[in-house]
Amino acid sequence: MCATAPRALHWAEWPPRGPEGKPSLRYSLLSLFQQALTGHQGWPEQWRHPEPKAAYDVVIVGAGGHGLATAYYLAKEHGITNVAVIEKGWLGGGNTGRNTTVVRSNYLWEASEGIYGHAHRMWETLSEELNYNVMYSPRGYLMLAHSAHEVQNFKRHLYANRLAGIQNEWVTPEQAQEVCPILNIDRNARYPVHGGVLQRRGGTARHDAVAWGYARAASARGVDILQNCEVKAILRDASGAVTGVETTRGTIATKKMGVVVAGSTSHVMGMAGVRMPLESVTLQALVSEPLKPIMPVVCASNAVHAYMSQSDKGELVIGAGADSYNSYSQAGGLPVVQATLEAIIELFPILSRVKMLRNWGGIVDMTPDRSPILSKTPVPGLFVNCGWGTGGFKATPGSGHVFADLLATGEPNAIAAPFALDRFRTGALINEATAAAVVH
């Protein structure tokens, strides 16, 4: 189930050449020094802003992390550079810019360990690969157990991870507090800590830097990124195969299309007559006022439905649960925020007087088994990457890598194969309903 991560470019291979043969500027200490001499007036735009062509070999709908990564790996790994990534808004303006930036791979089932483990290995060299600092920080990911049942369940995850070669370890309450000093381990607490599992290689990365890095690298290889280009219709011929897409910037012809639009997947796929096994809900998050460093790890709790890390700016980044009703809102409801903060104060009483700055929501697409879909569809030439639910960001490089392979070859590789759309007909489900540290 393992796959070799793409080889990072050697320094001598940079910069890659753009479509006109012009090199992209390599970021380095030398280029920083050279630009400083001119008052930093010579930095080029990070990616091009072309007009749409009449036709492309591949059109990817959605310029979030997954879509941009797919375009990059199509160009780099498969030599397919006549690619357009079309986005109804601005690059990275959807869930990529709204998530809580957690990176981990401690999932239960072998198929999940395959895709998330592949992505996790790619994170470790992604900044070098893209020549762009994605600020990957393997500070550790700690999941807390608050009952005998959770202890048993978490140890089941732990043993499954070890069999798959994924690092994960059990920690006592005292060891958990050593990793996270502000954690309350009082035995008389409402949710007493019985222990936890710690993935030391887990952590965070900078969400917008990931989108920008992939956009820059893909653009340098000839990929066209078309912002403010909303899909209005998917065009098909008499046989039902994809022939193009109607957008707000004109008609674009293509025989191969990948849809990577998260919570809007059902809407876009409906344009081609494909009904998806998805429900879209709002997942909420919020941040505090900036504080001095007090949270050296990502800490999560299933029982209280909350998780938290600290950003480089000092803000506490808090992940909440999903709304209990279907919605396309990016605001969310206050009851979820209130319940989340009550839970955070249970775990970290020291934060009871900290002020919150803002909250927001993202539209997540949930499958019945809470696992993603990377698949061909009944429509020839139409492929879909969706259903990541609450765990899409951590999979970004791996998702883009295997989906690019699917688009290039027409068939899923060993990592993508279990996530076919057909599994909802055959019953070969991948039940990861307890994999996230928030309520589904």
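**Stop 1: a helix**

Select residues 396-409 and you have helix α10, with 14 residues and a reach of 20 Å from its first C-alpha to its last, close to the 20 Å expected at 1.5 Å a residue. That expected span is 1.5 Å times one less than the number of residues. Helices here are DSSP runs of H or I with at least four residues, strands are DSSP runs of E with at least two, and both are numbered from the N terminus.

Before you go on: this is a predicted model, where local features need pLDDT of at least 70, side-chain atom pairs count only at pLDDT 80 or more, and totals for chains, interfaces and linings use all residues. Residues are numbered from 1 along each chain as its sequence is written, and side-chain values use heavy atoms, with hydrogens and water left out.

Is α10 mostly covered or mostly open? Mostly covered: twelve of its 14 residues are buried. Among them are His401, Phe403 and Asp405. Buried means under 20% relative accessible area, exposed means over 50%, and partly exposed is in between (1.4 Å probe, protein chains only). Now click on Gly410, which follows α10 and has a positive phi, near 85°.

**Stop 2**

Zoom in on β10 (residues 242-247), which pairs with β11 in the antiparallel sense over four bridges. Two strands count as paired if DSSP finds at least two bridges between them. What stands opposite Thr247? It's Gly250, in β11.

Now select Val242 and Pro380: they are 138 residues apart along the chain, yet their C-alpha atoms are separated by 6.3 Å. Pro380 sits in the loop between β18 (373-376) and β19 (382-386) and is partly exposed, with a relative accessible area of 44%.

**Stop 2: salt bridges**

How many salt bridges does the structure hold? There are 15, each one a side-chain nitrogen of Lys or Arg within 4 Å of a carboxyl oxygen of Asp or Glu. Show Glu169 and Arg200, whose closest N and O atoms are 2.8 Å apart. Glu169 is in strand β5 (residues 169-171) and Arg200 in the loop between β6 (195-199) and β7 (203-204), so the pair ties together parts 31 residues apart in sequence.

Hop over to Arg358 and Glu315, another salt bridge, with closest N and O atoms 3.5 Å apart. Is Glu315 buried or exposed? Glu315 counts as buried, at 8% relative accessibility, whereas Arg358 is partly exposed at 41%.

**Last stop: a nonpolar patch**

Finally, select Leu29, Leu32 and Trp43, which form a nonpolar patch on the surface with about 320 Å² of accessible area together. Patch members have over 30% relative accessible area and no salt bridge; like charges are joined within 9 Å, and nonpolar side chains (Val, Leu, Ile, Met, Phe, Trp, Tyr) within 5 Å. The areas come from the Shrake-Rupley method with a 1.4 Å probe, and for residues only the protein chains shown count as cover. You'll find Trp43 in the loop between α1 (29-36) and β1 (58-61).
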